Amino acid sequence: NITPNEITFTHTLTAISNLGPTSLEKGKQVHHQIIQQQLDSDVRLVTSLIHMYDKCGEPNKSIEVFDQMIANNITPDEFVFTTTLTAISNVGPKALEKAKQVHSQITFHKFFSNIGILNSLILTYTKCGSSELSFRVLTQTIAQRKVNPNEETYLYLINAISNDGSFKALDRGRQVHRHIIENKFDMNLKVMNALIQMYNVCGEPTRSLDIFNKLQKANVTLDQVVICTVLRVITNLGPTALEKGKQIHQHITQQKLDSNVTLINSLIQMYHKCGEPNTSLKLYDQMIANKITPDEITFLNLLPVV
């Protein structure tokens with residue numbers, strides 16, 4: 001008959017969250033105890049409950065907890081908002097209207113200068129199927145100079161545009177690209193890789209190559225991820241981009257990345273699609289000669305060549 005306090009409940013809910021759906025019933029029991037002890041106005045406990053229901057596979061219940069909090073005039077903090085937005089993201093497009101309502105609460109409680117909430121909101125709109133609203137969040141933030149976007153902001157937004165892939169999305173992508181240059185993120189490898197992929201998906205692969213060329217001219221050290229992305233662009237362009245593909249192959253060799261299976265697979269596919277299947281076969285032979293173990297993708301790329 002020892003009465004638990006806020007700290008006891010918080011740690012217990014964290015344990016239940018880590019166990020996941022199998023502990024949902026225990027989570028509901030703890031929630032009931034919290035209400036009985038009239039601790040359901042404690043912001044930390046509300047955050048823990050929202051998180052617990054989401055991790056236990058009931059994100060809609062997380063949203064109900066948030067709604068009850070607002071109905072009881074309890075002021076949310078940063079963690080309540082980000083946790084609730086995560087739950088809404090997990091519900092997906094059906095929760096778009098709820099995302100808009102939470103957005104209104106964020107504005108009302110003047111949390112719009114918080115970069116964590118900004119990024120969560122952009123990601124939530126993306127997961128709910130609205131790259132347009134994700135973009136609007138960024139433009140309003142920049143226009144009002146409330147907070148400076150960071151790497152995560154741009155990555156979430158570019159991915160939203162890539163997932164959309166429409167002509168309107170491409171126009172938003174160009175505007176985001178301008179923001180990136182203005183905010184000096186145009187040498188950030190993760191952001192540039194996302195942009196290369198975005199232009200390719202949205203039908204402007206030559207723009208993807210322009211970005212890659214700019215990185216090379218600036219002597220930026222290119223990693224495996226960027227090289228694989230640009231090889232996909234060249235593969236999509238076909239024979240007209242073969243020379244660029246050969247240049248990248250040379251770069252891979254110079255950087256001693258030619259034992260990387262993922263890059264070899266990308267090169268095999270690129271040469272095949274660019275009209276040089278014999279080079280694809282030579283790459284495989286060289287791979288075997290150098291005792292590099294092929295994977296499933298290697299063989300899937302090789303079979304059409306043969």
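## Basis of the model and its cysteines

A residue counts as buried under 20% relative accessible area, as exposed over 50%, and as partly exposed in between, with a 1.4 Å probe and protein chains only. By that rule Cys56, at 4% relative accessibility, is buried. This is a predicted model, in which local features need pLDDT of at least 70 and side-chain atom pairs count only at pLDDT 80 or more, while totals for chains, interfaces and linings use all residues. Residues are numbered from 1 along each chain as its sequence is written, and side-chain values use heavy atoms, with hydrogens and water left out.

A disulfide is taken here as a pair of cysteine sulfur atoms within 2.5 Å, and the structure holds zero disulfides. Cys274 is accordingly in no disulfide, and the nearest cysteine sulfur, which belongs to Cys228, is 15 Å away. Cys274 also counts as buried, because its relative accessibility is 3%.

Helices are DSSP runs of H or I with at least four residues, strands are runs of E with at least two, and both are numbered from the N terminus. Helix α2 covers residues 24-36, and its 13 residues should span 18 Å at 1.5 Å a residue, which agrees with the 19 Å between its end C-alpha atoms; the expected span is 1.5 Å times one less than the number of residues.

Within α2, the residues Leu24, Gly27, Val30, His31 and Ile34 are buried. These residues lie on the same side of α2, because they cover an arc of only 115 degrees around the axis, the arc being that of the directions from the helix axis to the C-beta atoms. Glu25 and Gln36, on the other side of α2, are exposed. The cover over the buried residues of α2 includes α1 (6-19), α3 (43-55) and α4 (59-71), where contact means heavy atoms within 4.5 Å. Gln38 follows α2 and has a positive phi, near 55 degrees.

## The largest nonpolar core

A nonpolar core is a set of buried Ala, Val, Leu, Ile, Met, Phe, Trp, Tyr and Cys residues joined through side-chain atoms within 4.5 Å. The largest such core has 88 residues, and Ile158, Val176 and Ile180 are the ones that touch the most other members. Helix α11 (residues 189-201) gives the largest share of this core, eight residues. In soluble globular proteins, nonpolar side chains tend to be buried together.

When residues up to four places away in sequence are not counted, Ile180 touches Tyr154, Ile158, Phe185, Asp186, Val191, Met192 and Leu195.

## Ala160 in helix α9

Ala160 lies in helix α9 (residues 151-164) and counts as buried, because its relative accessibility is 3%. Although Ala160 and Ile122 are 38 residues apart in sequence, their C-alpha atoms are 8.5 Å apart in space. The contacts of Ala160, not counting residues up to four places away in sequence, are with Thr126, Ser131 and Ser134.

## Aromatic pairs

Rings of Phe, Tyr and Trp (its six-membered ring) pair if their centres lie within 6.5 Å, and planes under 30 degrees apart count as stacked, over 60 as edge-to-face and the rest as tilted. By this rule the count comes to four aromatic pairs. Phe66 and Phe81 form a tilted pair, with 6.0 Å centre to centre and 55 degrees between the planes. This pair links distant parts of the chain, since Phe66 is in helix α4 and Phe81 is in helix α5 (residues 78-91), 15 residues apart. Phe66 is buried with a relative accessible area of 2%, and Phe81 is buried with a relative accessible area of 0%. Ring pairs also link Phe66, Phe81 and Phe111 into a cluster.

The rings of Tyr284 and Phe299 have centres 6.2 Å apart and planes at 65 degrees, so this pair is edge-to-face. Distant parts of the chain are again linked, with Tyr284 in helix α16 (residues 277-289) and Phe299 in helix α17 (residues 296-305), 15 residues apart. Tyr284 is partly exposed at 22% relative accessibility, and Phe299 is partly exposed with a relative accessible area of 41%.

## Lysines with positive phi

Lys184, a residue other than glycine, has a positive phi near 60 degrees. Lys184 is found in the loop between α10 (167-182) and α11, and counts as exposed at 71% relative accessibility. Lys291, also not a glycine, has a positive phi near 60 degrees. Lys291 is found in the loop between α16 and α17, and counts as exposed at 76% relative accessibility.
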